[in-house]
Each structure stands twice: as structure tokens, then as C-alpha cells.
Amino acid sequence: MTLFYLVRHGEPNWAFKDQRNLQGALRDFTPLTDRGVIQAEQVVSNHKYLSNCDLIISSPYTRSLQTAAIINRSIGLPIKVEFDLHEWTPDNWQATSVEEITELWKDYVKYNGIPPSHESKVWESKNNVMNRVNAVLHRYLDKSKVIIVCHGMVIATLLELISEEVALCGVYEYEIQSIV
């Protein structure tokens, strides 16, 4: 059995994104706010058991990498970056505002992440998120405990919390039985 501690990144600095007019995939270069840094610094002190993990794996997005690096200052584990831990893709990087992404999220929730067969949706399906993230996690089943720093929709999808809010720097357990 491998126990994964899913950690959502700290508060992102969306004002930075807006000031720099970061569009499309560039919006994912957004760093943490000062508050987000403090949230990340508090993760290990609030969850001492994280120091007993084997490895930290992070999404490639700046907010997750920065969170992983801050967590790692306290526990000194190897960090690996896995592209497929990236956030749910609501729009193929076409939306220009948080409001547009919010509307796409509401549509995703309305259909429970499963696009109706008679409609075309731009958002990534729940099944696709589950498949890509679980493919990453299955590569680490030789480990006992692993910290995964990723995103709210990734955590919500894995834990089937789609309509619930996943707390910034919240820690959630996800267990996978090793295949013998």
C-alpha cells in the first residue's frame, strides 16, 4: 500500500497574472502571494507526519513547485516534477478571465465531469483527470508515503469532492493498494 498525501498549493498571486496580462498557459507561471508562502511554510508544522515521507512529487506549475520547495526546506526530501499532475484544463488555455473559467467549472460540476454525448465541451473530463493522475501515482507504488503537491481540481477529482472547496495548502490522504 502507498499512502499519498495530496497537498494543494498555497494561495496564487492572480494579481501578478493580471498585471503581466498572462494569457493561456502563461497564467500557470503565477507565483504564490506572501500569504501563500506562509501557508506553505505552515504545512509541515501542522502535519508533522509529512516528515516521514519518501519523496515529494509536484505539478510543473509555478504555484505547486514553489509550495513543494517551501515544504521541502523543512524536510529535505527529493523532489520530482510530473507534468501530468497539472491542474484540470477547463478551456484549452483560451479563457481570459477567472469568470470564464468559473463558468466552465460550473458546467463541469453540472455534468459531474462527464460531457453529455450530444454536446462538445472544451473542459477536460473527470475520467481524463483520473487517468492521467493515477498513471503518475502508479509509478510510485514502490514507496510507502509520498507527498503530492498539486491542484484543487486534481484533489477534488481523486477524492470525488467535485462540488466542494479544497483548501489552499490543505492535506488530503489518498491510498492505493500495491499490485502484487
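In this predicted model, the side chain of E124 reaches the side chain of R132 through a polar contact of 2.7 Å. E124 sits in the loop that links α4 (98-110) to α5 (126-138). With a relative accessible area of 10%, E124 counts as buried, because the cut-off for that class is under 20%. Setting aside neighbours within four places in sequence, the residues in contact with E124 are H86, E87, W88, T89, Y108, V129 and R132.

Stepping back to the whole chain, the fold comprises six helices and five strands. Read from the N terminus, these elements follow the order β-α-α-β-α-β-α-α-β-α-β. Among contacts with a separation of 6 or more, 73% join residues 24 or more positions apart.

The overall dimensions fit a compact globule: for 180 residues such a globule would have a radius of gyration near 16 Å, and the chain has 16 Å. The C-alpha trace spans about 45 × 45 × 25 Å along its principal axes. Of the 180 residues, 49% are buried, and E124 belongs to this buried class.

As for the surface, the chain exposes about 9100 Å², with carbon and sulfur atoms supplying 51% of that area. The charged side chains number 17 positive and 22 negative, and the centres of these two sets lie 3 Å apart.

Key: Residues numbered from 1 in each chain as written. Predicted model: local features only at pLDDT ≥ 70, side-chain atom pairs only at ≥ 80, totals over all residues. Heavy atoms only, no water. Helix = DSSP H or I, 4+ residues; strand = E, 2+ residues; numbered from the N terminus. Buried < 20%, exposed > 50% of the residue type's maximum accessible area, 1.4 Å probe, protein only. Polar contact = N/O pair within 3.5 Å; in protein donor to acceptor, adjacent residues only side chain to side chain. Contact = heavy atoms within 4.5 Å. Rg over C-alpha atoms; globule rule 2.2 N^0.38 Å. Areas by Shrake-Rupley, 256 points an atom, 1.4 Å probe, with all protein chains shown as cover. Lys, Arg positive; Asp, Glu negative; His and termini not counted. Charge placed at Lys NZ, Arg CZ, Asp CG, Glu CD.
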